[in-house]
Structure formats: structure tokens, C-alpha cells
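This report describes one protein chain for a reader who is new to structures. Please look at the sequence and the model before reading on.

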Amino acid sequence: VKVSYNTTSGFVTARHIKTTAATNPNGVGQVTVVPADLGSYDYVQFYSVIHVNGYAITDGQYLLSSNKSISSTKPSSGGYAYYENNTLTLYNYTGTNTTDYGIYHNYDLDIVLSGTNTLITSSVSSSYDGIYVYGSLYVTGSGNLSISGGGYAIYTEGDAVINSTTVSCATSGIYAAGNMTLADSKISIGQLNTIAQRTTALQAY
């Protein structure tokens, strides 16, 4: 079976199949799939797009920190955000967005931190989260990340794992609808945002 990309939303949905390979993720393409061998597979979603500070970047693309241009070539200098295979690498990246989430992804996401990174979202009176993931989030890397804004610093609909890295949450905490794991990491949480009703430092279920 072959399923075409939905170029508008940037994902593929296929019932009772598992993704085994993908080609041409930057435009109209195909995903090769095989029947699922586990009965628990109700659907599969393969996402080729992530939104960083309101900019949509696809598999294999860089978002430059300096001028927010998008490129398929690694920059020779300066910070950037790079996305590939559900992994977002932040390298000395600084991003500000007053009308949207800092990072928004519709599926599980790995974030790798390198160097000093900063996400600034909307004012404290709004509810945009620094990182919103409709799935599970895994954050690691030798770098660090500072998040400030109106909503939660990090909000996941699944599990949240922060492992061997440093995350600073200036104005709100971390929320996970699933489990939360903090391992060998430095997590700092500043003044909680009572204006936007984000008053919990760490919350998981």
C-alpha cells in the first residue's frame, strides 16, 4: 500500500499499517507501508513538518536564528534549528514569537540541545506554551534551553523526559499528561504565571 503526503497539514494518516520508509518529505511524495503485525496499531501518523516560532520547517531543513530564513543547507555560522525524523536540534538558537507557540509538534518529538538556546513566546497574559507536543517529548544534549512566555514552558499530551541537560523555565512550569522523568538534569523554574493560570511547577499523571 502507498499513501500520499498531505502537503497542507504535513502528515500522513493510515489505518492499520506501519510506516517502514519514506521518500521526498519536502513535498508531494509517498510513504511505503506494510500491514501492522500488532493488533494495537489503530493508526500511524508520520509527520514531516514542525513549527518553530511560527515557521513551518520540514524534514532536512534549517531555520536560521539570525534572520529566520529557511534553508536545506547547514549554515556556516550562527545559530539554527534543524529538523529531521521527528528530532529537532537547537544550536545556539534564539527565537521570539508573540502570536504562537515557541515549538509546536503534532507527534512525539526528540529535542537535542547544543550551545545556548532561548525561546520567548507571547506575553504573560496569553496561554501560548514555550513547547507544545501532541505526543511525548524527550529533551537531551550538552547545551541548555531557556523558555519564557505566557503558557507552560513545556506542555506534552504524552510523557515528558528531560535527560542529561539544562532547562530554565522563567515564567511557568512543565506539564505532562503522561509520565514525567527528570534524570541527571538541571531544571530551574522561576515565578509561576498566575495571570494565565499556569501555577504548577511540575505536573504529571
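## A strand with two faces

Strand β15 covers residues 116-120 and has one covered face, made of Asn117 and Leu119. Its uncovered face holds Thr116, Thr118 and Ile120. In a regular strand the side chains alternate between the two faces of the sheet. Strands here, like helices, are DSSP runs numbered from the N terminus; a helix (H or I) needs at least four residues and a strand (E) at least two.

The model is a predicted one, in which local features need pLDDT of at least 70 and side-chain atom pairs count only at pLDDT 80 or more, while totals for chains, interfaces and linings use all residues. Residues are numbered from 1 along each chain as its sequence is written, and side-chain values use heavy atoms, with hydrogens and water left out.

## The chain as a whole

The chain contains 25 strands and 0 helices. Of its 205 residues, 41% count as buried. Buried means under 20% relative accessible area, exposed means over 50%, and partly exposed is in between, with a 1.4 Å probe and protein chains only.

Contact means heavy atoms within 4.5 Å. Among contacts between residues at least 6 apart in sequence, 48% join residues at least 24 apart.

## The sheet of 5 strands

Strand β15 belongs to an open sheet of 5 strands in the order β12-β15-β18-β21-β24, with parallel pairing. The edge strands, β12 (94-96) and β24 (186-189), each pair on one side only. Neighbouring strands of this sheet are turned by 10° against each other on average, direction ignored. Such angles run from 0 to 180 degrees between N-to-C directions, and the axes are lines fitted to C-alpha atoms, for helices over the stretch in contact.

Two strands pair if DSSP finds at least two bridges between them. Strands of a sheet pair through backbone hydrogen bonds, either parallel or antiparallel. β12 and β15 pair in the parallel sense over 3 bridges, and Gly95 stands opposite Leu119 in β15. On to β18: 5 bridges join β15 to this strand, and the two run parallel. Here Thr116 stands opposite Asn144. Strand β21 (residues 166-169) is joined to β24 by 4 bridges, again in the parallel sense, and the bridge partner of Cys169 in β24 is Ile189.

## The sheet of 8 strands

Another open sheet has 8 strands, in the order β9-β8-β10-β11-β14-β17-β20-β23, and its pairing is mixed. Its edge strands are β9 and β23 (180-183), each of which pairs on one side only. Within this sheet, β10 (residues 80-84) and β11 run antiparallel and are joined by 5 bridges. Ala81 stands opposite Leu90 in β11.

Lys68 sits in the loop between β8 (61-64) and β9 (70-71). A polar atom of its side chain lies 2.6 Å from the backbone oxygen of Ser65, and the side chain also reaches the backbone oxygen of Thr94 at 3.1 Å. These are polar contacts: pairs of N or O atoms within 3.5 Å, where within protein one must be able to donate a hydrogen and the other to accept it, and residues adjacent in sequence count only if both atoms are side-chain atoms. Not counting residues up to four places away in sequence, Lys68 touches Tyr55, Leu63, Tyr93, Thr94 and Gly95.

Asp129 is in the loop between β15 and β16 (131-133). Asp129 counts as buried because its relative accessibility is 4%. The side chain of Asp129 reaches the backbone nitrogen of Tyr152 at 2.7 Å.

## Loop residues with some exposure

Ser142 lies in the loop between β17 (137-140) and β18 (144-148). Is Ser142 buried or exposed? Its relative accessibility is 76%, so Ser142 counts as exposed. Between the C-alpha atoms of Ser142 and Ser164 the distance is 7.4 Å, although 22 residues separate them in sequence.

Ser164 is in the loop between β20 (160-163) and β21. Its phi is positive, about 55°, although Ser164 is not a glycine. With a relative accessible area of 38%, Ser164 is partly exposed. Asn92, in the loop between β11 (87-91) and β12, has a positive phi near 45° and is also a residue other than glycine. Asn92 is partly exposed, at 32% relative accessible area.
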